[in-house]
Amino acid sequence: MSGTINSSSPTTSAFTPKQALTPTPELYASLVSDSMENLAAASLTYLPPIPSRAVINDNGCGTGAASAAIMSSIITNQGKSLENNISIKATDINDRALSLYRSRAAAGSWPAEAVNMDANALVGFESDTFDLSLCNALLFVLPNDGVDAVRETYRTLKPGGVAVFNSWNYVPNIAPIHAAAKATRPEGTPLPRAGMEKWTDPEFLKSVVEKGGFEGDKIEMHKCRVSVTTGLEMDGWANMLWSFIGGTTTAGWLEEDERNWDRAIGIIKREVRRTEGFKELPGGRAQLGFVANVAVARK
């Protein structure tokens with residue numbers, strides 16, 4: 001799971017199995033469920049209380065998970081009176097996600113504005129603008145390992161301001177996806193999300209933040225557990241997971257994927273149940289155990 005809808009590699013195949021769901025921000029939000037908000041909430045625990053009148057960038061905001069975690073943190077730790085004394089500038093390049101963000105912000109009365117802006121070029125903001133920048137599940141879905149986005153985060157952060165970056169140290173659904181791919185595809189077929197393993201290393205995340213301009217002695221590294229509840233019962237969740245990630249290789253979808261669809265879904269469900277932290281919940285849903293790397297960097 002990541003903070004935006006993307007493929008880890010371009011595909012060369014135009015074929016799509018008839019069972020595969022077309023990714024949309026709405027379906028993606030259903031797939032990731034509370035993972036993005038829980039990841040942001042866990043990352044924010046390493047920060048001091050957000051000060052009054054803080055200007056915050058929710059960079060790669062998606063449909064609003066990180067902003068929701070920010071608002072919840074402020075209300076929980078400092079009281080509801082502070083929530084209207086901050087300002088959140090939410091940025092993303094997906095207009096449909098931004099529309100959903102604006103609806104959520106309006107419903108929650110967030111002091112937030114959402115604008116279409118590339119994380120790699122925050123051209124709408126002057127240097128030294130933000131007190132806090134949160135890049136939640138963002139860097140590992142960007143080109144150049146997110147270094148350009150870190151540079152823009154550094155530029156737009158005020159001196160003394162804090163930026164938070166994170167990546168997944170352990171994702172319980174990757175091994176099941178790989179197991180399904182290996183069992184249902186010809187030997188040698190590229191695996192979905194291949195190359196993402198480097199992000200499990202906290203030192204790699206730190207190196208990206210340093211390349212973006214932050215000094216090494218001003219970067220604190222943390223590791224935390226993140227519990228995630230599936231938004232769907234297991235059949236629907238596994239089907240959506242394979243739909244979104246199964247074809248994200250240079251080979252794309254194969255024609256045998258359509259014939260082997262049910263078998264792949266069965267393997268994913270079986271292997272997910274074997275992962276550390278898995279727990280069956282009422283109604284067919286489940287709790288999954290993730291581990292995150294968190295970098296807290298000060299300018």
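1. C224 is a buried residue, since its relative accessible area is 10%, and buried here means under 20%. This value, like the others in this note, was computed from a predicted model.

2. C224 takes part in no disulfide, and the cysteine sulfur nearest to that of C224, which belongs to C135, lies 16 Å away. For a reader new to the term, a disulfide is a covalent bond that joins the sulfur atoms of two cysteines.

3. C61 is also to be read as buried, because its relative accessibility is 5%. The closest cysteine sulfur to that of C61 is again found in C135, at 11 Å, and this is too far for a bond, because a pair of cysteine sulfur atoms has to lie within 2.5 Å to be counted as a disulfide. With that rule applied, the count of disulfides is 0.

4. Turning to the helices, α1, which covers residues 25-32, packs with α8, which covers residues 234-245, at an angle of about 125°, and the two axes are 10 Å apart. It is this angle that makes α1 oblique to α8, and the crossing of the two helices is left-handed.

5. Which residues of α1 and α8 meet? On the α1 side they are L27, Y28, S30 and L31, while on the α8 side they are W237, M240, L241 and F244. Sorted by class, the contact of α1 with α8 holds 7 nonpolar residues and 1 polar residue, with no charged residues.

Methods: Residues are numbered from 1 along each chain as its sequence is written. This is a predicted model: local features need pLDDT of at least 70, side-chain atom pairs count only at pLDDT 80 or more; totals for chains, interfaces and linings use all residues. Side-chain values use heavy atoms; hydrogens and water are left out. Axes are lines fitted to C-alpha atoms, for helices over the stretch in contact, and angles run from 0 to 180 degrees between N-to-C directions. Helices (H or I, at least four residues) and strands (E, at least two) are DSSP runs, numbered from the N terminus. Angles under 35 degrees count as roughly parallel, over 145 as roughly antiparallel, 65 to 115 as roughly perpendicular and the rest as oblique. A crossing is left-handed if the near helix is turned anticlockwise from the far one by less than a right angle, and right-handed if clockwise. Contact means heavy atoms within 4.5 Å. Ala, Val, Leu, Ile, Met, Phe, Trp, Tyr, Cys and Pro count as nonpolar, Asp, Glu, Lys and Arg as charged, and the others, Gly among them, as polar. Buried means under 20% relative accessible area, exposed over 50%, partly exposed in between (1.4 Å probe, protein chains only).
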